[in-house]
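Here are my notes on this one, as numbered points. Have the model open while you read.

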Amino acid sequence: MDALKDIPLTTSNIMSFFDNNDQEYDLQQQKSISELKKEEYLQSINLLKNIVKEKGAKDELKRIQSFNILLEVTDFLTMTEDRRSTIKINMEWCNKIYEKYLDI
């Protein structure tokens, strides 16, 4: 029993097992959150796409479809800062288009 007291916990790999499990759990939570956010964006874009098909211009529809593809191929968990910026700019534009056709 006294021999066990002298073994540091960090070298015993017992605690590292739990640390690894905690890290894996955190990563899975982040993946779930990022996938939910992605799905939310895709649903919003599909709604806007349907509105623009009925009331909008072809160039607007083309941009929305391109943005939809960008969202589909983006990994929200590991996206770069420039991709984040591009998505933000396009979402702001989509919000303006949505408000434009909401008033009609």
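1. I'd start with K100 and E60, whose side chains meet in a salt bridge at 2.8 Å, N to O (a side-chain nitrogen of Lys or Arg within 4 Å of a carboxyl oxygen of Asp or Glu). This pair ties together distant parts of the chain, with K100 in helix 4 and E60 in helix 3 (residues 58–73), 40 residues apart. E60 is buried at 8% relative accessible area, while K100 is partly exposed at 41%. Buried here means under 20% relative accessible area, exposed over 50%, and partly exposed in between, with a 1.4 Å probe and protein chains only.

2. A word on provenance: this is a predicted model, where local features need pLDDT of at least 70, side-chain atom pairs count only at pLDDT 80 or more, and totals for chains, interfaces and linings use all residues. Residues are numbered from 1 along each chain as its sequence is written, and side-chain values use heavy atoms, leaving out hydrogens and water.

3. The overall layout is α-α-α-α along the sequence, with four helices and zero strands. Those are DSSP runs numbered from the N terminus (helices H or I, at least four residues; strands E, at least two). Of the 104 residues, 24% count as buried.

4. How many salt bridges does a search of the whole structure find? Three. Besides the pair in point 1, E40 forms one with K37, the closest N and O atoms being 3.7 Å apart. E40 and K37 are about one helical turn apart because they sit three residues from each other in helix 2. E81 and R84 also form a salt bridge, their closest N and O atoms 3.7 Å apart; here E81 is exposed at 58% relative accessibility, and R84 is partly exposed at 41%.

5. Finally, Q43 in helix 2 (residues 14–55) is exposed at 58% relative accessibility.
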